[in-house]
Amino acid sequence: MLKIIIILCSVVAFCSCSNQNGEKYLLETTFSSQKNLVLEVDSISIDVGDYGLFYYPLSTTAEIQGTRFYFGWNHTTFSLDIVNLDKSEYYKSIKYEVNGPNGIGDVKGLSVVDFDSIFFLSSQYLTLIDSNTNVTSKWGINEKNEFQGFSSQDHNLTTEETFNIFFDNRTKKLYARLHFPRFAWCDTELGYYNENFIGELDLFNLSFRELNIGYPPEFRELSFGFRDIPAVTFDPSGLINYTFSISSNIYQYSLETGKTSSFGGASDFTRNHADALQIEDCPDTPLGMKHNLLNVKFMHLLQDPYRKLYYRFHWGDVPEHRADGRFNAYNDKPLFLTVFDDQLKKLMEMEVDRKQGAAWCFVDEAGLHILKPRGSENVLGFNLYKFL
């Protein structure tokens, strides 16, 4: 494995948005007094066997009895593929049943406490599975609801690529994305964006509540097509971090206080807000794809408690055509990484290899793991960034 060490200087100039649609919603960015960071770059390649996946759209990590593990849901084999991160080697796969007494249904969400406590969310159930693949608890949800205060006419629990379920082992509560079936997508009144989008299930008291976490004001005035899905990550300290792909702003909700803090995360390299779409153009998929290409896209926030940092990737924008007249593609967009301190003050920003899978990354004691550019189907690879 090749290790590269880079000295990175922090940026100390304020960047503002140049897009008139969203400029009034951007927050001022504050900067850390830290002068520089040292970045070590390494790589990891793990053979996951003939039936392993190159990447796992649904995955999570957990430290169990002092060992770091990566859990990836293998939708082709209906199994959980597990990697020992400390040894950088495949550990084992656990195959599950779809139906029956120990069935887990159509898996949409995953949260791991330990090998005897693995949560799966499906369209109908939240299921807790032990190390022998036996159901130890099962709760009806969505179509077969068992939680007081939850109405399937008003809510559905679901997930997205950057919005997995999260079980808080301290409080025994589980969090997931809320979908609202009573609203049509691209509703001309934009009523969907007046709703909260995170739900909390109390597994002891069988109760449900919406958290006071909603869309920022621009969504209630402008349309952004299918760029409306929030990206959410959960800090074990009781903080919920969320961002939106249209804007560089960062939001942080405290489960303890019920308060939301807002932070600027402006880029020095790109625009900081996407253009809006006309509401009548919202269902137009080709136009939505073009909108994705021509605009910036900000991604989820990742906490690094080991180095007291936060990370956030974002894609820059490119013109529709190259200088020679050919069309640009999404993989032509530049990719940037911004590093913040533990107060979400900006430390530095750098352009990185755009071929990396920035949507499929995670942090543990070793550093920031980023999915490597596509290689062999049965090799799971990560670039490892460690900031010192």
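Predicted model: local features only at pLDDT ≥ 70, side-chain atom pairs only at ≥ 80, totals over all residues.
Strands, like helices, are taken as DSSP runs numbered from the N terminus, a strand (E) having at least two residues and a helix (H or I) at least four. Residues are numbered from 1 along each chain as its sequence is written, and side-chain values rest on heavy atoms, with hydrogens and water left out.

Open space was examined on a 1 Å grid over the protein atoms alone, where a pocket is an open set of points with protein on both sides within 12 Å along at least five of seven lines, a cavity is a set of points where a 1.4 Å probe fits but cannot get out, and lining residues have an atom within 4 Å of a point. Grid points are joined across faces, edges and corners, and a volume is the space filled by probe spheres set on the points. The largest pocket has a volume of about 1300 Å³, and of its 47 lining residues Thr60, Thr61, Phe166, Phe234 and Val363 are the closest to the centre. Several strands supply at least two residues each to this lining, among them strand 3 (59–64), strand 12 (166–168) and strand 20 (297–304), while the largest share, 6 residues, comes from strand 24. With Ala, Val, Leu, Ile, Met, Phe, Trp, Tyr, Cys and Pro counted as nonpolar, Asp, Glu, Lys and Arg as charged, and the others, Gly among them, as polar, the lining of the largest pocket comprises 26 nonpolar, 12 polar and 9 charged residues.

The second largest pocket holds about 410 Å³ of space and is lined by 20 residues, with Glu161, Thr162, Ile229, Lys297 and Met299 nearest its centre. Two or more lining residues are given by strand 20 and by strand 24, and strand 20 gives the most, with 4 residues. By class, this second lining has 11 nonpolar, 5 polar and 4 charged residues.

Aromatic pairs were assigned to rings of Phe, Tyr and Trp (its six-membered ring) with centres within 6.5 Å, planes under 30 degrees apart counting as stacked, over 60 as edge-to-face and the rest as tilted. The whole structure contains 37 aromatic pairs, one of which joins Tyr215 and Phe219 edge-to-face, at 5.1 Å centre to centre and 65° between the planes. Phe219 also forms a tilted pair with Phe244, at 5.4 Å and 50°. Because Phe219 lies in the loop between strand 15 (207–210) and strand 16 (231–235), and Phe244 in the loop between strand 17 (239–243) and strand 18 (250–254), this pair ties together parts that are 25 residues apart in sequence. Both Phe219 and Phe244 are buried, a term for under 20% relative accessible area, with exposed meaning over 50% and partly exposed in between (1.4 Å probe, protein chains only).

Salt bridges, defined by a side-chain nitrogen of Lys or Arg within 4 Å of a carboxyl oxygen of Asp or Glu, number 15. Lys346 forms one with Glu349, the closest N and O atoms being 3.0 Å apart; Lys346 is buried at 0% relative accessibility, as is Glu349 at 6%. In the bridge between Lys108 and Asp106 (3.7 Å, N to O), Lys108 is partly exposed at 31% and Asp106 is partly exposed at 35%.
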